Amino acid sequence: MRMITYQDAGFRHPFTSNGNVEMEVDQRLYVEVRTDGVDQQQISTVLDSCWATPVNLETYPVRWDLINSE
């Protein structure tokens with residue numbers, strides 16, 4: 001499974017692949033979640049939640065929710 005970040009809702013302009021994306025709080029980010037190597041007719045991916053932290057630590061107390069139900 002991998003996540004690819006994009007600058008646009010059409011998923012045409014990915015951010016550079018250096019591993020870091022710098023952006024402002026409340027700036028919209030588009031993310032494609034791709035599962036490779038599985039039969040797409042039998043397996044689907046469902047994300048219930050997704051968040052970001054300023055450091056690579058999932059339990060870090062500062063975090064921003066990335067999935068927002070509208």
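## Salt bridge R63–D65

R63 has a relative accessibility of 42% and counts as partly exposed. In this predicted model, the R63 side chain meets that of D65 in a salt bridge, with 3.7 Å from N to O.

## Salt bridge R2–D36

A salt bridge also joins the side chains of R2 and D36, at 3.0 Å from N to O. R2 belongs to strand β1, which covers residues 2-6, while D36 sits in the loop between β2 (30-34) and β3 (51-52), so the contact ties together parts that lie 34 residues apart in sequence.

How exposed are the two side chains' residues, R2 and D36? R2 is partly exposed at 39% relative accessible area, and D36 is likewise partly exposed, at 46% relative accessibility.

## Salt bridge E32–R34

E32 pairs with R34 in a salt bridge whose closest N and O atoms are 2.7 Å apart. For R34, the relative accessible area is 31%, which places this arginine in the partly exposed class.

## Overall count

How many salt bridges does the model contain by this rule? The count is 4.

Note on methods
Residues numbered from 1 in each chain as written. Predicted model: local features only at pLDDT ≥ 70, side-chain atom pairs only at ≥ 80, totals over all residues. Heavy atoms only, no water. Helix = DSSP H or I, 4+ residues; strand = E, 2+ residues; numbered from the N terminus. Buried < 20%, exposed > 50% of the residue type's maximum accessible area, 1.4 Å probe, protein only.
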